[in-house]
Amino acid sequence: MTQQFYVSPEQLMKDRADFARKGIARGRSVVVISCADGIALVAENPSPSLHKIGEIYDRIAFAAVGKYNEFESLRQAGIRYADVRGYSYDREDVTARGLASVYAQSLGVVFTAEQKPFEVELAVVEVGTTQAQDHLYRLTFDGSIADEHHFIVMGGLAENVAAVMTDGWNAGMTMSAAVRLAAAGLTPAGAPALPAEALEAAVLQRSVHRDAGTRRAFRRLDDGELVALLTGEV
Amino acid sequence: MQDRSLDRIAANATSSFVEHLRRDRPELLPFGDGGLVVQDSRIPLPVVQAPHATTIVALIFSGGVLMAGDRRATMGNVIASRHIEKVFPADHYSVLGIAGTAGIALDLTRLFQVELEHYEKIEGTRLSLDGKANRLGAMIRGNLPMALQGLAVVPLFAGFDTVLGAGRLFSYDVTGGRYEEQEHHTVGSGSVFARGALKKIWRPGLSEAEAVAVSIEALYDAADDDSATGGPDAVRQIWPVVYSVTHDGVRRISEAELGPVASALIASRSIASREA
């Protein structure tokens with residue numbers, strides 16, 4: 001009979017956390033910024049179809065870094081949660097706080113109970129009618145949840161990117177200024193600016209045109225729109 | 001072992017909201033879990049009195065398709081509502097009109113709207129127009145046990161086919177049978193009269209404004225002969241609900257546009273001062 005080696009719980013948790021952190025730092029960064037016109041979500045992502053940013057509900061979006069299969073299953077579960085909730089109660093009753101808390105619980109369970117923790121970090125954001133009502137939640141691999149203000153930077157060299165954000169962010173920014181700041185932050189120091197094809201971007205617009213028959217604030221930006229925003233033509 | 005887990009993952013990876021509900025939350029489906037209820041033929045079926053939604057008309061015009069519904073719901077001989085809306089946008093490029101038991105129809109509409117949006121969010125792309133029409137047929141078939149108890153729902157579905165660049169129209173029966181219609185179609189209690197009117201006043205190549213006038217006139221004729229259909233109500237200023245779907249998506253025709261059209265129709269019928 002083989003004897004199991006004793007590993008202290010502290011060591012076990014630390015090993016798991018180090019493992020997840022390494023996986024997340026290997027990827028590229030994602031930036032979420034709250035601005036006057038809404039919330040901009042920008043990721044360095046050369047693939048036009050494997051998204052890191054997604055729509056969850058009318059005013060709620062999702063961004064993730066880490067392993068694609070893991071955050072993709074979390075994204076789909078989030079959409080199911082939001083749609084079931086909105087269908088059984090009312091569309092107004094779907095909130096980023098509720099969704100973030102469900103994510104926190106599932107990440108926490110996976111971190112402690114499964115063979116391997118999820119190597120992901122998530123942002124769940126909700127655009128409000130005013131900037132003060134914007135909600136930005138950051139969820140880490142162990143189920144920790146943080147209520148952030150102004151912006152979230154995740155993955156890759158997050159500290160370097162966050163430094164650029166801290167310098168450049170102000171409350172009155174327009175959407176195009178926010179996207180430009182995010183793109184500048186994602187560009188490594190001294191390197192040429194990232195082309196639109198290397199970026200994935202989406203926005204949650206603060207004012208949704210109800211007469212256009214939609215309540216959905218989320219809009220993905222195609223390369224043309226992104227180039228226009230980056231060059232400041234809008 | 002690996003095949004089994006792959007099968008399980010594939011089976012769980014549904015993009016359909018209805019399938020998800022059927023598996024995890026069947027009590028939320030408007031028609032229950034979809035199993036046929038076997039009735040003892042000796043026990044008479046209970047008859048449920050519930051509000052009924054009535055006439056819907058839809059017609060193709062140049063550049064799109066238009067759908068209009070009257071505003072009346074009836075329960076037996078009583079008017080249950082003068083304000084009910086029976087035509088809804090299903091997504092950006094399609095609309096849905098419903099006739100039959102109002103309560104179930106409204107829930108089915110809501111479910112269908114979520115179904116299309118859910119697919120779009122999960123897959124990152126819209127369903128094809130035929131795909132949407134087939135999903136609606138499957139949902140109507142799910143309601144068959146209720147229909148057998150007299151709680152039938154009959155929808156009319158119209159949308160803009162972005163591939164073909166034209167408006168298309170689909171009708172259904174209670175078993176979920178889906179039929180593509182040409183030119184125009186009507187459903188509901190006043191549908192025979194509305195269809196008669198459409199046969200005379202519809203023509204190919206209508207503009208959107210002309211199509212609005214044609215749809216209101218067809219509903220007017222339906223209301224004239226069917227007591228369960230409400231005509232344009234000039235006293236309360238209640239007009240039919242009209243949606244058009246074109247290349248630019250769904251647009252609700254505003255009250256400001258409908259008022260003059262309906263008033264002009266009533267005026268022209270009054271001047272003629274004839275028996276219809």
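This is a predicted model: local features need pLDDT of at least 70, side-chain atom pairs count only at pLDDT 80 or more; totals for chains, interfaces and linings use all residues.
Me: Is Asp161(B) buried or exposed?
Reply: The cut-off for buried is under 20% relative accessible area. Since Asp161(B) has 9% relative accessibility, the residue counts as buried.

Me: Which helices hold Asp221(B) and Arg269(B), a pair that links distant parts of the chain?
Reply: The side chains of Asp221(B) and Arg269(B) meet in a salt bridge at 2.9 Å, N to O. The two residues stand 48 residues apart. Asp221(B) is in helix H7 (residues 208-225) of chain B, and Arg269(B) is in helix H8 (residues 255-272) of chain B.

Me: Which residues do salt bridges that share partners join into one network?
Reply: The network draws on residues of chain A and chain B. One of its links is the salt bridge between the side chains of Glu117(B) and Arg91(A), at 3.0 Å, N to O. The residues joined are Asp58(A), Asp83(A), Arg91(A), Arg215(A), Glu117(B) and Lys121(B).

Me: How many salt bridges does the count give between chain B and chain A?
Reply: Over all chains the count comes to 37 salt bridges. Across the interface of chain B and chain A, nine residue pairs are also found in polar contact. Between chain B and chain A, the count of salt bridges is three.

Me: Which helix of chain B supplies the largest share of the side that touches chain A?
Reply: Nine residue pairs are in polar contact across this interface. Helix H2 (17-24) and helix H3 (102-123) of chain B each supply at least two residues of the side of chain B that touches chain A. The largest share, nine residues, comes from H3(B).

Me: Which three residues supply 37% of the area that chain B buries against chain A?
Reply: The contact takes 19 residues from chain B and 17 residues from chain A. Together the chains bury about 1,700 Å², 52% of it on carbon and sulfur atoms. The three residues that supply more of chain B's share than any other three are Glu117(B), Lys121(B) and Ile122(B).

Me: Where in chain A is Lys116(A), the partner of Glu70(A)?
Reply: The side chains of Glu70(A) and Lys116(A) meet in a salt bridge at 2.7 Å, N to O. Glu70(A) lies in helix H2 of chain A, 46 residues apart from its partner. Lys116(A) is in the loop between helix H3 (96-113) and strand S5 (120-126) of chain A.

Me: What is the relative accessible area of Lys116(A)?
Reply: Glu70(A) is buried, with a relative accessible area of 7%. Lys116(A) is partly exposed, and its relative accessible area is 30%.

Me: With which side chain does the side chain of Glu72(A) make a polar contact?
Reply: Glu72(A) has its place in helix H2 (residues 68-88) of chain A. At 13% relative accessibility, Glu72(A) counts as buried. The polar contact, at 3.0 Å, is with the side chain of Arg75(A).

Me: How many bridges join S2(A) to strand S9 of chain A?
Reply: Seven of the seven residues of strand S2 (residues 38-44) of chain A are buried, so the strand is largely enclosed by the rest of the structure. S2(A) and S9 (residues 199-205) run antiparallel. Ile39(A) stands opposite Leu204(A) in S9(A). The number of bridges joining S2(A) to S9 is seven.

Me: Which residue in S2(A) stands opposite Ile33(A)?
Reply: Six bridges join strand S1 (residues 30-35) of chain A to S2(A), and the two run antiparallel. S1(A) and S2(A) form a hairpin with two residues between them. Opposite Ile33(A) stands Ala40(A).

Technical notes:
Residues are numbered from 1 along each chain as its sequence is written. Chains are lettered from A and ligands numbered from 1 in the order in which they are written. Side-chain values use heavy atoms; hydrogens and water are left out. Contact means heavy atoms within 4.5 Å. Buried area is the accessible area (1.4 Å probe) that two parts lose on being put together, summed over both. A salt bridge is a side-chain nitrogen of Lys or Arg within 4 Å of a carboxyl oxygen of Asp or Glu. A polar contact is a pair of N or O atoms within 3.5 Å; within protein, one must be able to donate a hydrogen and the other to accept it, and residues adjacent in sequence count only if both atoms are side-chain atoms. Helices (H or I, at least four residues) and strands (E, at least two) are DSSP runs, numbered from the N terminus. Buried means under 20% relative accessible area, exposed over 50%, partly exposed in between (1.4 Å probe, protein chains only). Two strands pair if DSSP finds at least two bridges between them.
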